[in-house]
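My notes follow in the order in which I made them.

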Amino acid sequence: MIPDDVVRAWGWGAAEIAELPGGLINATYAVRQAGAPIAVLQRIHPVFAGEVNLDIDAVTTHLAARGLTTPRLLRTSDGRAWHEHAGRVWRALSWVDGTTIYAVPDPAWAEAGGALVGAFHRAVADLAHDYAFARDGVHDTRAHLARLTDHVAAGGPVEAVAVAREILDAVRGLPEMPDAPRRHCHGDLKISNLLFATAPLCGVCLVDLDTLGLSTIAFELGDAMRSWCNPQGEDRGSVGFDLAIFAAAMRGFRSVADPLVSAGEKTAIVVGLETVCLELAARFAVDVFRDEYFGWDPARFASRRAHNLVRARGQLALGLAVRAVRGDALDLVRSARLP
Ligand SMILES: Nc1ncnc2c1ncn2[C@@H]1O[C@H](COP(=O)(O)OP(=O)(O)O)[C@@H](O)[C@H]1O
Ligand SMILES: [Mg+2]
């Protein structure tokens, strides 16, 4: 149930609001008038402060001024950027029609998605904005690895120590990260955060904008490719890196963003991809020791530890699968002609 004061804040009626299933982090509701959706109403995850909406407002205003389709922040009837109820932040965004997918069905979708991400990056290249809200340390690789090293030294469950050693070993084989400038980044480009049109197939806009902030192309595209190119998902023992999806995504991205990104940044995408796989493996492995952070599925696993062990092994395997095709991936991002 949505609290009355939340519904009233935007001047809507409770009957116009229905939950949208499928979100991972936020509780998302569609607001419909005369049958047509006009907005999403979201109760955002507590890791994000209300001020994040000021950033969304600034960035999407810039995107719209550059001619891109984008959700826009809808202020409350009395002009506030968000509404608080019982300590939780609610906000509304304009509705954008589109199709959401949870795994990349084939390379054509990756190419369309890559082009959309390229268009976003071109559009924000000249944005000047100081973020009101910033979440630190998400991709502080060194810190995650240091935590894992400490746990290995302190000892713990046998299988935790074993996977941790393998991860730390794999990390030693990472190439050096080229210098890449900080850019305005989306920060969570999993494929379900892109809306698509299907006839013809085309990326429409990015959604889920709470993670907007300054980062590098290495983490932005590296993390996107980590999830787009492993269609089996994060929770499986079996993983695979699909180079055809990667090639298509880079073709789409480069077709729009090539004038923007340097040769070093292109290399950084591939190094970033391998890095984020091992970084996430390390984060899951740390939780095999600590047993406190990531959510887990009791229907499929005996414990949080067991679930995180599978995830850690999966991301390690994915990192090694990327490493096995690193040369090809580098050719795809660097080739003079689009792949
Ligand atoms: N402005 C919007 N217009 C239309 N659909 C949206 C909009 N924002 C989000 N959605 C839909 O709701 C889903 C969940 O929203 P999202 O912001 O991604 O939350 P979560 O953090 O839970 O993933 C999206 O995958 C998309 O299908
Ligand atoms: Mg999402």
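**Entry 1: V52.** I looked up V52 and found it buried, at 1% relative accessibility. I take buried as under 20% relative accessible area, exposed as over 50% and partly exposed as in between, with a 1.4 Å probe and protein chains only. V52 sits in helix α2, residues 52-65. Helices (H or I, at least four residues) and strands (E, at least two) are DSSP runs, numbered from the N terminus. I then listed the contacts of V52, leaving aside neighbours within four places in sequence: I44, F133 and D210. Contact means heavy atoms within 4.5 Å. I also checked V52 against C202: the two are 150 residues apart in sequence, and their C-alpha atoms are 28 Å apart in space.

**Entry 2: ground rules.** This is a predicted model, in which local features need pLDDT of at least 70 and side-chain atom pairs count only at pLDDT 80 or more, while totals for chains, interfaces and linings use all residues. Residues are numbered from 1 along each chain as its sequence is written, chains are lettered from A and ligands numbered from 1 in the order in which they are written, and side-chain values use heavy atoms, with hydrogens and water left out.

**Entry 3: L316.** I found L316 in helix α9. L316 is buried, at 5% relative accessibility. Not counting residues up to four places away in sequence, L316 touches E166, I167, A170, L278 and A281.

**Entry 4: the magnesium ion.** Which protein atoms are donors to the magnesium ion (ligand 2)? I found OD1 of N193 and OD of D208, at 2.1 to 2.2 Å from the ion. The pair ties together parts that are 15 residues apart in sequence, because N193 lies in the loop between β7 (183-185) and β8 (194-198) and D208 in the loop between β9 (201-206) and β10 (213-215). Donors are N, O and S atoms within 2.8 Å of the metal (3.2 Å for Na, K and Ca); water is not among the atoms, so sites may look incomplete.

**Entry 5: backbone angles.** Most residues other than glycine have a negative phi, and most peptide bonds are trans. I looked for departures. The peptide bond between A199 and P200 is cis, with omega about 0°; P200 is in the loop between β8 and β9. A86 has a positive phi, near 50°. A86 belongs to the loop between β5 (83-85) and β6 (88-94) and is exposed, at 72% relative accessible area. D291 also has a positive phi, near 55°. I placed D291 in the loop between α8 (263-290) and α9 (304-324), where D291 is partly exposed at 31%.

**Entry 6: the whole chain.** I counted 10 helices and 10 strands in the protein chain. The C-alpha atoms fill a box of roughly 55 × 50 × 35 Å along the principal axes. Of the 339 residues, 49% are buried. Among contacts with a separation of 6 or more, 72% come from residues 24 or more positions apart.
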